[in-house]
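Subject: Structure handover

Hi,

Here is the structure I promised to pass on. Have a look through it first, and then read on for what turned up.

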Amino acid sequence: MEDYHVKRHMHYSPNLTHCIETAINERLCIEIEYESNEREVTQRVLEPIRLIFNESKRQLAAYCRLREDFRVFRLDRMAMAKIVNQPFEMKAFPEDRLEL
């Protein structure tokens, strides 16, 4: 399994996007360490749906198993990401929930 680490408060690694793209294509979950706005770090298992690229930030639309809800995650707040051998059924991300 692929395992990529990204330094906090820095730009994300291109390896991170590769890891996420691989997980999306193979419909495998990823495990991440994620830092919130309040600087709380949580470990989460995500069902990645799609990468979002816009001018100001790179994000991942995913279903979060911890919160049992669809969420958008900033790549620059991911301290670690790795593919885990947990397949999932692709879900449609609610378009009105995208933070573009």
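**An aromatic cluster, and what surrounds it**

Tyr63, Phe70 and Phe93 are linked into a cluster by ring pairs. Rings of Phe, Tyr and Trp (its six-membered ring) pair if their centres lie within 6.5 Å; planes under 30 degrees apart count as stacked, over 60 as edge-to-face and the rest as tilted. By this rule the count comes to three aromatic pairs.

Before going further, a word on the source: this is a predicted model, in which local features need pLDDT of at least 70 and side-chain atom pairs count only at pLDDT 80 or more, while totals for chains, interfaces and linings use all residues. Residues are numbered from 1 along each chain as its sequence is written, and side-chain values use heavy atoms, with hydrogens and water left out.

The protein has one helix and six strands, and from the N terminus on its elements run β-α-β-β-β-β-β. Helices (H or I, at least four residues) and strands (E, at least two) are DSSP runs, numbered from the N terminus. Buried residues make up 45% of the 100 residues in the protein; buried means under 20% relative accessible area, exposed over 50%, partly exposed in between (1.4 Å probe, protein chains only).

**The ring pairs**

How are the rings of Tyr34 and Phe73 arranged? Their centres are 5.0 Å apart and their planes at 90°, so the pair is edge-to-face. Tyr34 lies in strand S2 and Phe73 in strand S5, so this pair ties together parts that are 39 residues apart in sequence. Tyr34 counts as buried at 9% relative accessibility, and Phe73 is buried with a relative accessible area of 2%.

The rings of Phe70 and Phe93 are also worth a look: with centres 5.4 Å apart and planes at 80°, the pair is edge-to-face. It links distant parts of the chain, with Phe70 in strand S5 and Phe93 in the segment after S6, 23 residues apart. Phe70 and Phe93 are buried.

Tyr63, the other member of the cluster, lies in strand S4 and is buried, with a relative accessible area of 18%. Not counting residues up to four places away in sequence, Tyr63 touches Val45, Leu46, Glu47, Ile49, Glu68, Asp69, Phe70 and Lys91 (contact means heavy atoms within 4.5 Å). From C-alpha to C-alpha, Tyr63 and Pro48 are 6.5 Å apart in space and 15 residues apart in sequence.

Val45, one of the residues that Tyr63 touches, sits in strand S3 and counts as partly exposed at 21% relative accessibility.

**The cores**

A nonpolar core here is a set of buried Ala, Val, Leu, Ile, Met, Phe, Trp, Tyr and Cys residues joined through side-chain atoms within 4.5 Å. The largest nonpolar core has 19 residues, of which Ile20, Ile30, Ile32, Leu46, Leu60, Phe73 and Met78 touch the most other members. At least two residues of this core come from each of helix H1 (14-26), strand S2 (28-35), strand S3 (41-53), strand S4 (58-64) and strand S6 (78-87). H1 gives the most, with five residues. There is also a second, separate core of eight residues, including Ile49, Ala61, Val72 and Leu98.

**The largest pocket**

The largest pocket has a volume of about 240 Å³. Of the 14 residues that line this pocket, Tyr34, Asn37, Val72, Phe73 and Arg77 are the closest to its centre. On a 1 Å grid over the protein atoms alone, a pocket is an open set of points where a 1.4 Å probe fits, with protein on both sides within 12 Å along at least five of seven lines; lining residues have an atom within 4 Å of a point. Grid points are joined across faces, edges and corners, and a volume is the space filled by probe spheres set on the points.

Strand S5 (residues 69-74) gives the most to the lining, with four residues. The lining divides into three nonpolar, three polar and eight charged residues (Ala, Val, Leu, Ile, Met, Phe, Trp, Tyr, Cys and Pro count as nonpolar, Asp, Glu, Lys and Arg as charged, and the others, Gly among them, as polar).

**Two backbone details**

Arg27, in the loop between H1 and S2, has a positive phi of about 50° although it is not a glycine. Arg39, in the loop between S2 and S3, has a positive phi of about 70° and counts as exposed at 56% relative accessibility.

Best wishes
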